Amino acid sequence: MTQWFEKYHYWTKRIWLYLCRCRYVHGFGIQSPTAYHFLRYVINEPYAYYAYSDLKERFPHESRLRYKLCELYFRLSNFAQASQWAVCLPHQNLYESYIQAGCHHSKVVNDIYGKDEGQESISDVLLITSDNSGKTLFEAFANHAGSLSILIVEDIHATKDTRQIWHQMLDDPRTVVTFDLYYCGIIFFDHSKNEQHYMVHF
């Protein structure tokens with residue numbers, strides 16, 4: 001019964017999001033070739049990578065949404081080829097496995113409990129949630145972010161408070177290009193690009 005309800009809730013939400021965001025499908029309205037390529041071939045890449053099925057066998061009891069996010073992080077890892085990720089969220093082993101499958105040389109620092117203080121600011125990619133602790137981590141990361149730095153923020157539309165924190169991140173002068181995927185947001189800090197904020201059907 002629980003599994004049926006989860007499936008029903010997931011697909012009901014997906015249909016609702018599609019109706020709200022259908023005009024953003026396939027990069028419609030995006031003028032930047034770089035942003036369009038990132039949307040089509042990283043965020044919404046349809047290819048089923050060989051690692052997906054192997055990783056699902058290792059973690060067989062996750063939700064559809066969790067797999068969807070993990071496969072996104074796999075593609076982001078493959079895209080970024082980053083030296084280090086800092087993951088400040090639960091599901092540590094799950095996320096680390098997908099990230100390292102996407103890029104074998106990426107080191108993953110699991111810092112949900114703040115044991116590796118300062119690792120967030122020196123990492124190439126930071127994965128946080130949109131709450132007060134995430135806001136603090138954003139400040140530390142953005143102060144040192146370079147043109148290749150990537151910030152991923154989960155639960156940006158979960159509550160009124162998380163939406164407010166997400167919009168504060170968007171309004172920050174250090175933020176340059178952002179993608180709102182509803183379930184998470186992605187921020188780039190490359191000041192050679194024009195400031196753009198994209199809403200995406202994911």
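User: In this predicted model, which residue of β2 is the bridge partner of Gln84?

Analyst: The bridge partner of Gln84 in β2 is Lys107. A further bridge links Ala86 to Val109 of β2. Altogether, β1 (residues 84–87) and β2 pair over four bridges, in the parallel sense.

User: How should I read the directions of the side chains along β1?

Analyst: The general idea is that side chains in a regular strand alternate between the two faces of the sheet. In β1, Gln84 and Ala86 point one way, whereas Trp85 and Val87 point the other way. All four of these residues are buried.

User: In what order do the strands of the sheet lie?

Analyst: The sheet is open, and its seven strands follow the order β2-β1-β3-β4-β6-β5-β7, with mixed pairing. At its edges are β2 (107–110) and β7 (196–199), each of which pairs on one side only. On average, neighbouring strands are turned by 15 degrees against each other, direction ignored.

User: Where do the helices lie relative to this sheet?

Analyst: Helix α4 lies across β1, β3 (125–129), β4 (150–154) and β6 (184–188), and runs at about 175 degrees to β4. Helix α5 (residues 92–102) lies across β1, β2, β3 and β4, and runs at about 165 degrees to β2. In total, the protein chain has eight helices and seven strands.

User: What is found in the loop between β1 and α5?

Analyst: Leu89 has its place in that loop. Leu89 is buried, because its relative accessible area is 5%, and buried means under 20%. The C-alpha atom of Leu89 is separated by 9.6 Å from that of Gly134, although the two residues are 45 residues apart along the chain.

User: How many residues belong to the largest nonpolar core, and which of them touch the most other members?

Analyst: As a general idea, nonpolar side chains in soluble globular proteins tend to be buried together. In this model, the largest nonpolar core has 44 residues, and Tyr73 and Phe179 touch the most other members. Helix α4 (residues 64–80) supplies the largest share of this core, seven residues. Another core, of 17 residues, lies apart from it and includes Leu126, Val153, Trp166 and Met169.

User: Which residues does Tyr73 touch, not counting those up to four places away in sequence?

Analyst: Tyr73 touches Trp85, Tyr95, Ile99, Leu127, Ile152, Glu154 and Cys184.

User: Are Cys70 and Cys103 buried or exposed, and how many disulfides does the structure hold?

Analyst: Cys70 is buried, with a relative accessible area of 0%. Cys103 is likewise buried, with a relative accessible area of 3%. The structure holds zero disulfides.

User: What share of the protein chain is buried, and what share of the contacts joins residues 24 or more positions apart?

Analyst: Of the 202 residues in the protein chain, 49% are buried. Among contacts with a separation of 6 or more, 61% are between residues 24 or more positions apart.

How values were computed
Residues are numbered from 1 along each chain as its sequence is written. This is a predicted model: local features need pLDDT of at least 70, side-chain atom pairs count only at pLDDT 80 or more; totals for chains, interfaces and linings use all residues. Side-chain values use heavy atoms; hydrogens and water are left out. A nonpolar core is a set of buried Ala, Val, Leu, Ile, Met, Phe, Trp, Tyr and Cys residues joined through side-chain atoms within 4.5 Å. Buried means under 20% relative accessible area, exposed over 50%, partly exposed in between (1.4 Å probe, protein chains only). Helices (H or I, at least four residues) and strands (E, at least two) are DSSP runs, numbered from the N terminus. Contact means heavy atoms within 4.5 Å. Two strands pair if DSSP finds at least two bridges between them. Axes are lines fitted to C-alpha atoms, for helices over the stretch in contact, and angles run from 0 to 180 degrees between N-to-C directions. A disulfide is a pair of cysteine sulfur atoms within 2.5 Å.
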